[in-house]
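Look at the model first, then read on.

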Amino acid sequence: MVLDDGGNAFDAAMAAMAAACVAEPVLCSLGGGGFLLARPEGYDPLLYDFFVQTPKRPIDPATADFYPVLCDFGAAQQEFHVGLGAAATPGCVKGLFQVVEELGTMPIRTVVEPAMELARQGVELNRLQAYIFDVVRPIYMITEASRAILEKPDKPGTLVGEGDVVANRQFADFLDVLAIEGERLFYEGEVSAAIAAACRGGGALGRGDLEGYELIRRRPLAFAFGGAELHTNPPPSTGGILIAFAMQLLEHAFSRDWRFGDADHLATMIRAMALTNEARVESGLNEQAGEDAAERLLDPELLARYRGEIMGRPRARRGTTHISVIDRDGNAAAVTLSNGEGCGHLVPGTGVMLNNMLGEEDLNPAGFRAWPTDTRMVSMMAPTLISEPGGRLTALGSGGSNRIRTAIMQALVNLLGFGMHLPDAVEAPRCHFENGRLDIEPPLAEATEEALRAIWPELTVWESLNLFFGGVHAVRADFGSGDVTGAGDPRRGGVALSC
């Protein structure tokens, strides 16, 4: 709609972000944060960091509204921590306004109008969204405000399911006022006051946290694979540099004699995942990585040693959404967003759920409540752009918590190594290796499974493709031939539209 009406890729990406808050409320909220990797036509790529920030003051463990819930994915379970004490300073509203102002062509009201209409009319839940709600049910039943939007009106205690229509009229009204009053409403005005008041009941956020929040512009991390130039999320976030490290290991190990899914292909990919985890520890890289993290992890000597290991004998040793847009003028936008799973509490009067990033184990390796104050949190999110010889441009990214980097890595290998068509590269079965456990999507040949299990005994073959393995959403435009292809990951109900 936005592209049809004359907007550019950045208008469309921000409109989609606002709409995702309605259509995918578990995965996306203006109470969370994200990253936009932007490449305006004729300019170098630029990363807009509007991810969440830790509060300016530590939280008192004795009074914190902070507790664990267990979410069941079926073949795997994961514990998250929620409550007001899990909420970090949101950045999405700042990102929305500043991206539209600096890169867009439309008024902000026009950009958020589709989201307002969806919020008023409601969105029918498909099977995937119903499944996601079922996974995180304990979080969304916490407060009366959340239940008022997401509980079945005729079945108290039951969340909405497939085929139900979910509307959020408070959110529509909030967007209406926000478009008039601007970002100051959220960071300095009534919304800031409402967040601070709510957090006096067990959270750490105050008005100073919101008033002091700033969007950060960064130079993307650049690396090469298979003759293509790639740009991704730079330090201090870690997803991009871990992808770059793994891809540079694979650059020398990849063989075009492999058949996708055979033992050689999968074993090498899994070794790359395992060795990347080891190098992350050896290089001193952790989730609070400094600006020099890329230099440490991508040190040529470190890479050379790990390349030797990946070529030799094998060693025995989360909620996010993504939007990719390329317009006819060559502007490209890859934006990845997250609310964690949500902390269970909505900002009064807005229909906006706050994030639970301070309750994400992946983002708090030193332990909960041990985060440094007033510091930009880092993330595995890695919106990525690929520039290939001949004028082909691809924008992609993924959700999936700590599976983001392995999902993107495998999609990149499929595209640039195996030369797959974009939809095939996105839909192809994936694997993930972490903490000695290997998870693989089907199909998997019996002989291949036996070969892998001999090396990695803790192997689980899933029954089908699953959102556990991320959700890579991508678009590719060939400005030489004029061909445009999109791919929405079926694991997360992704869609691709062409205007």
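## Charges over rings

A charge sits over a ring if NZ of Lys or CZ of Arg is within 6 Å of the ring centre and within 35 degrees of the ring normal. K94 lies over the face of Y187, 4.8 Å from the ring centre. R403 lies over the face of F468, at 4.0 Å from the ring centre.

The model is predicted: local features need pLDDT of at least 70, side-chain atom pairs count only at pLDDT 80 or more, and totals for chains, interfaces and linings use all residues. Side-chain values use heavy atoms, leaving out hydrogens and water, and residues are numbered from 1 along each chain as its sequence is written.

## Aromatic pairs

Rings of Phe, Tyr and Trp (its six-membered ring) pair if their centres lie within 6.5 Å; planes under 30 degrees apart count as stacked, over 60 as edge-to-face and the rest as tilted. The count is 12 aromatic pairs.

Y187 and Y213 are stacked, because their ring centres are 5.8 Å apart and their planes lie at 15 degrees. This pair links distant parts of the chain, 26 residues apart. Y187 is in helix 8 (residues 184-187), and Y213 is in the loop between helix 10 (207-211) and strand 7 (216-218). Helices (H or I, at least four residues) and strands (E, at least two) are DSSP runs, numbered from the N terminus. Both Y187 and Y213 are buried (under 20% relative accessible area; exposed is over 50%, partly exposed in between; 1.4 Å probe, protein chains only).

F254 and F418 pair edge-to-face, because their ring centres are 5.1 Å apart and their planes lie at 80 degrees. F254 counts as buried at 17% relative accessibility. F418, at 23%, counts as partly exposed. F254, W258, F260 and F418 form one aromatic cluster.
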